[in-house]
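Please look through the structure below before reading my comments.

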Amino acid sequence: MGNSKSGALSKELLEDLKSNTKYTEAELCTWYQTFLKECPGGKISKEQFEGIYASFFPGADPSDYARHVFRSFDTNSDGTLDFKEYIVALHLTSGGKTTQKLEWAFALYDVDGNGTISKNEIQEIVKSIFNMISADDQDNLAEDEDTPEKRADKIWNFFGKKEDEKISEGEFIQGVMDNKDILRLIQYDEPQRIKDKLKEKKP
């Protein structure tokens, strides 16, 4: 591999990612080469990220959801994702610890970044998730959650909040951990499809 070569992961970043994710050194190095091929500048723009999501969901419209996911992982708010942010994103959405995943889910739903979630924010994210569910799959949803509005109401009612109240991060994480049905409602379970795509893209 040769750490001195440009295009190789720095030892510090490699160790950091190995200790904070479940990925092996070989996987990280392979993904880094793929990342550089697609993003020679070493960063993914919001548009590129949306394009990646579009390739995962050819029969749907993931652009709104991709935009929210991008925002939640752009930790330094510079409008791009570097390799570290990208790998942490991949790790959290596909196999991070439950509390880490829920911290990320809270950041996803906290659209304005003010540290709390409103009912409008839940509706916005749930609607973006629905855009990725095919019409056939939507037909198979339970009657009390077969529209974005019904699903958002179901989530909001579970937390027992009035229309204009807010959910804190602690309430959100505890509530979801106490009720697996809410966990199912707040997420779009895309990890396996993304992992399969990444395997296809390995050089």
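The points below go from the whole chain to single residues.

1. Confidence. This is a predicted model, so the first thing to look at is the predictor's own confidence, called pLDDT. The protein chain has a mean pLDDT of 83, and 87% of its residues reach 70 or more. Where pLDDT is low, the predicted coordinates should not be read in detail.

2. Overall make-up. The protein chain has 203 residues, and 40% of them are buried. Its secondary structure consists of 12 helices and four strands. Taking contacts between residues at least 6 apart in sequence, 61% join residues at least 24 apart.

3. Helix H7. This helix covers residues 119–130, which is 12 residues. From its first C-alpha to its last, H7 reaches 16 Å, close to the 16 Å expected at 1.5 Å a residue. Ser128 and Ser19. Is each of these serines buried or exposed? Ser128 lies in helix H7 and counts as buried because its relative accessible area is 1%. Apart from neighbours within four places in sequence, Ser128 is in contact with Asp64, Tyr65 and His68. Ser19 is found in helix H1, residues 11–20, and counts as exposed because its relative accessible area is 58%. A polar atom of the Ser19 side chain lies 3.0 Å from the backbone oxygen of Asp16.

4. Asp74. This residue is found in the loop between helix H4 (63–73) and strand S2 (80–82). Which side chain of opposite charge is nearest to Asp74? The answer is Lys46, 7.5 Å away. Asp74 is buried yet has no salt bridge; a salt bridge needs a side-chain nitrogen and a carboxyl oxygen within 4 Å. The side chain of Asp74 does reach the backbone nitrogen of Asp78, at 3.2 Å. Leaving aside neighbours within four places in sequence, Asp74 is in contact with Gly79, Thr80, Leu81 and Glu85.

5. Ser77. The loop between H4 and S2 also holds Ser77. Ser77 is not a glycine, although its phi is positive, at about 55°. With a relative accessible area of 61%, Ser77 is exposed, whereas Asp74 is buried.

6. Salt bridges in general. Side chains of opposite charge can pair when their charged atoms come close. How many salt bridges does a search of the whole structure find? The search finds 12. Three of these pairs are taken up in the next points.

7. Lys18 and Glu25. The side chains of this pair meet in a salt bridge, with 3.2 Å from N to O. Lys18 counts as partly exposed because its relative accessibility is 30%. Glu25, at 27% relative accessibility, is also partly exposed.

8. Lys154 and Asp144. In this salt bridge the N to O distance is 3.0 Å. The pair links distant parts of the chain, 10 residues apart: Lys154 is in helix H9 (residues 148–158), and Asp144 is in the loop between helix H8 (135–139) and H9. Lys154 is partly exposed at 23% relative accessibility, and Asp144 is partly exposed with a relative accessible area of 42%. Lys154 and Asp144 also belong to a network of salt bridges that takes in Glu145 and Arg151.

9. Lys150 and Asp146. The side chains of Lys150 and Asp146 meet in a salt bridge at 3.0 Å, N to O. Why does neither residue count as buried? Buried means under 20% relative accessible area. Lys150 stands at 33% and therefore counts as partly exposed; Asp146 stands at 26% and therefore counts as partly exposed.

Key
Residues are numbered from 1 along each chain as its sequence is written. This is a predicted model: local features need pLDDT of at least 70, side-chain atom pairs count only at pLDDT 80 or more; totals for chains, interfaces and linings use all residues. Side-chain values use heavy atoms; hydrogens and water are left out. Helices (H or I, at least four residues) and strands (E, at least two) are DSSP runs, numbered from the N terminus. Buried means under 20% relative accessible area, exposed over 50%, partly exposed in between (1.4 Å probe, protein chains only). Lys and Arg count as positive and Asp and Glu as negative; His and the chain ends are not counted. A polar contact is a pair of N or O atoms within 3.5 Å; within protein, one must be able to donate a hydrogen and the other to accept it, and residues adjacent in sequence count only if both atoms are side-chain atoms. Contact means heavy atoms within 4.5 Å. The expected span of a helix is 1.5 Å times one less than its number of residues. pLDDT is the predictor's confidence in each residue, from 0 to 100.
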